[in-house]
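Look at the fold below before reading on. The paragraphs that follow lead through a helix pair and then a sheet.

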There are 2 protein chains.
Amino acid sequence: MLSKNTVKFIKSLHQKKYRIEFGQFFVEGEKSVLEVLQSDFLVDLVLVTEAFENKNFGVLKSFKGELIRVTQNQLEQLGQFQSNDSALAVVRMKPNTPFLPENDELIIALDDVRDPGNLGTIIRVADWYGIQKLVFSPQTAEFYNPKVIQSTMGSFTRVKFFYEELESVLGRWKRPVYGAFLDGTIIHKLQNPAPGILLMGNESKGISPEMEKFVSKKVTIPGFGKAESLNVAIATAILCDNFKRLMGS
Amino acid sequence: MLSKNTVKFIKSLHQKKYRIEFGQFFVEGEKSVLEVLQSDFLVDLVLVTEAFENKNFGVLKSFKGELIRVTQNQLEQLGQFQSNDSALAVVRMKPNTPFLPENDELIIALDDVRDPGNLGTIIRVADWYGIQKLVFSPQTAEFYNPKVIQSTMGSFTRVKFFYEELESVLGRWKRPVYGAFLDGTIIHKLQNPAPGILLMGNESKGISPEMEKFVSKKVTIPGFGKAESLNVAIATAILCDNFKRLMGS
């Protein structure tokens, strides 16, 4: 039975200040809820339709938190999906941990990527290419924003992320820092790149001058038409694809 | 002076049925309005702030349509941008023309891409890679939707597009049709691809079985992690980047 207090609580999680106050966020839709239930996130509460419960009995059986049966209409009132006939989960945020990279990894760092859809898409791209760590400047969009979670399509459960001052991360970094610029080496022609940090900039300003000084190799996506730029998530994907091809992995 | 009728007319263009009835659509923001004014689109009306008018006197001087001075607040009431301190243009739709490809082109075809943001991003990607023609199935999102126009970042002025039944286009097509599938040739390893049509599928269903039979070469973007799929605009961008690299242009 869904109480008024639970309704009020879940609705409050649409706002960042309450997500931070409670240390919780919500996840919607069949695929994402199933993935978070099978991840290392701690799930406190799951609201399910009867159909979802019957279909996913196996996964729900091992769930130790609170389970509430609701209607599709109730789910749609609570979340941000226009249509949700399956489930919504309330999940505990993970504690911040320090960024401790390994030597042979490709890592993505974001210098103030503000749009939640872009952040979510970049997380999904990272997961596709097996990139496990992402470093976000403090001004980057919030990982637990419902739009970020939604656009990762479940990939938020598989990446590690670190909100840190990039100045500090890049300042102590001894390996390559690749940055996307319009006047760098054409990415198709880059020779034997070593693993390192791929730094991507803000949607309108690009990489800030303060961070540009840490870039050891500027790279460029070749354009053949008249568009002035690419969306930051698109550019991240193209660069990751090239790095994976060039690194032979 | 902005009349009530003009306000009502522009607001009506938020809806597809009025765009079709009037054969017009609107374009917002400094960059897009400047690009449409300098394109082969016919612009009927431009609303400008004083600042935009002063800054862009040169471009506006050769504009023959109606020019109305408005405030930032008025612009924000009329369009869909939260913030618009520059301009909004009302533009004539182009008449449909038949799809007449040339032999050495790479062309993008979309099989029911429904999300306006995805369509706009794909148009921007096409323009970046110098791909000039796009064929859309009739169920693909509407080119003149304000969200499509916005996410092209001005690229809508530089591509040619054709809404046609893909069955008819692909049925008479004699050259390669590349389709993105999970079990095709790894795109990094494709050998000397000839120009042809790159067919991309619907966000949730992919390429439909009816269209799959026209695909002469299945291609796959290699994944290294656990994400099940990529967003269609991301996948289009990665494939275009690889085709351009492999075709040596």
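**A helix pair and a sheet**

In chain B, helix α7 (residues 116-128) packs against helix α11 (residues 232-246) at an angle of about 15°, and their axes are 9 Å apart. Axes are lines fitted to C-alpha atoms, for helices over the stretch in contact, and angles between N-to-C directions run from 0 to 180 degrees. α7(B) is therefore roughly parallel to α11(B), a term for angles under 35 degrees. The two helices cross in a right-handed way (the near helix is turned clockwise from the far one by less than a right angle).

The model is predicted: local features need pLDDT of at least 70 and side-chain atom pairs pLDDT 80 or more, while totals for chains, interfaces and linings use all residues. Residues are numbered from 1 along each chain as its sequence is written, and chains are lettered from A and ligands numbered from 1 in the order in which they are written.

Strands of a sheet pair through backbone hydrogen bonds, either parallel or antiparallel. In chain A, 6 strands form an open sheet with parallel pairing, in the order β7-β6-β5-β9-β8-β10. Strands here are DSSP runs of E, at least two residues, and helices are runs of H or I, at least four, numbered from the N terminus; two strands pair if DSSP finds at least two bridges between them. At the edges lie β7 (160-163) and β10 (217-220) of chain A, each pairing on one side only. On average, neighbouring strands of this sheet are turned by 35° against each other, direction ignored.

Strand β6 (residues 133-136) of chain A pairs with β7(A) over 4 bridges. A:Phe136 has A:Tyr163 in β7(A) as its bridge partner.

Note on methods. Angles under 35 degrees count as roughly parallel, over 145 as roughly antiparallel, 65 to 115 as roughly perpendicular and the rest as oblique.
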